[in-house]
Amino acid sequence: MTAQATQAADVRVAYEHCEQVTRTQARNFSYGIRLLPPCKRRALSAVYAFARRVDDIGDGTLPAADKLAALADARSAVAALERDGARAAAGDPVLVALADAARRHPIPLGAFAELVDGCEADVRGTSYATFGELEHYCRCVAGSIGRLSLGVFGSRDLGTAEPLADALGIALQLTNILRDIREDLINGRVYLPAEDLERFGAVLRPERADVLAGEPGLEDVVRFEARRAFGWYATGLRLLPLLDRRSAACTGAMSGIYLRLLKQIAAAPAAALRQRQSLPGKEKALVAARALAGIWDRVPGAGPPGPGRAAPGHPAPAVGGSAVGGSAPAGPAEGRP
């Protein structure tokens, strides 16, 4: 076997590893990723696999000092990959796949440094006094993934699409935060802004993690943050018409699953505070099928997604309304997978 054939085989095996990671660990995102054509599916799986590695370091059981050292290594690895390409992969299947993906697509590898920044904040137990501080964290850990994904998808108008991808990432992360309030509190993490807890007279205490639904004002905080998150969805979903059909389907499926989850949390905050909320697999598959057909749920209080720039500052929270299917215009014709 020639050196070139050996290298091609190594890349193929590396992608297979990343796709396996995605299938087994991306419980929600995998429904969208599978809608992509093969080349983009492999590339986004490589992005996910490295992001998952970083997240697992932050959420793992190592002492804090060891976590920070491992995160520094991850930061150095992706910086070397950005600088030296495949030469820096050193036989690591995730890095091998990511290097090949970055060669084929304009993936902004530097955005991974922001993800590492956010995970370092988690390890240090950072809390957030204001929503502005929390927004910055969300941009690090989720807006960065939106921009990395956009590098795989491509767009007819990248300048317009980038802030929308960032906004959609913030929407998804706010949904995660509302879903995991109890679990995060048990682990010593509080993401809800102190100013919002104070506004509604709510207090988060680890010793009362099992009775959060009875905490005064906390359900009101959840509803308030959910309305704020709906505003970010309304902005972020304006990205969809700027993508090709399959990339829009992927994004619509991922965001649609989280949007439905947020609606569930907003409708029953007490249930969300008692236990982690999720959607059944059949409902996730339905959202993905609708997205592939160019149909997705509307954000409460918002119209169907349309092109445009993200509004400056915080999007105005949307309120009220119900899920109604809407069609998005198709993107430009896709190239060969």
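Helices (H or I, at least four residues) and strands (E, at least two) are taken as DSSP runs and numbered from the N terminus. The model is predicted, so local features require pLDDT of at least 70 and side-chain atom pairs count only at pLDDT 80 or more, whereas totals for chains, interfaces and linings use all residues. Residues are numbered from 1 along each chain as its sequence is written, and side-chain values use heavy atoms, with hydrogens and water left out.

Helix H4 (64–84) contains 21 residues. From its first C-alpha to its last it reaches 30 Å, close to the 30 Å expected at 1.5 Å a residue; the expected span is 1.5 Å times one less than the number of residues. A residue is buried under 20% relative accessible area, exposed over 50% and partly exposed in between (1.4 Å probe, protein chains only). In H4 the buried residues are Lys 67, Leu 71, Ala 74, Val 78, Ala 80 and Leu 81. Their cover includes helix H3 (38–59), H5 and helix H6 (111–123), where contact means heavy atoms within 4.5 Å.

Ala 90 lies in the loop between H4 and helix H5 (93–104). Although not a glycine, Ala 90 has a positive phi of about 55 degrees. Most residues other than glycine have a negative phi.

**Accessibility of individual residues**

| Residue | Relative accessibility | Class |
|---|---|---|
| Ala 90 | 76% | exposed |
| Cys 138 | 0% | buried |
| Cys 140 | 6% | buried |

**Cysteines**

The structure holds 0 disulfides, a disulfide being a pair of cysteine sulfur atoms within 2.5 Å. Cys 138 takes part in none, and its nearest cysteine sulfur, that of Cys 140, is 9.2 Å away. For Cys 140 the closest cysteine sulfur is likewise the one in Cys 138, too far for a bond.

**Packing of H3 and H7**

Two packed helices are described by the angle between their axes and the distance between the axes. H3 and helix H7 (residues 131–153) pack at an angle of about 160 degrees, with axes 9 Å apart. Axes are lines fitted to C-alpha atoms, for helices over the stretch in contact, and angles run from 0 to 180 degrees between N-to-C directions. H3 and H7 are therefore roughly antiparallel, a class that covers angles over 145 degrees. The contact joins Lys 40, Ala 43, Leu 44, Val 47 and Ala 51 of H3 to Ile 145, Leu 148, Ser 149, Val 152 and Phe 153 of H7.

Terms used
Parallel < 35°, antiparallel > 145°, perpendicular 65-115°, else oblique.
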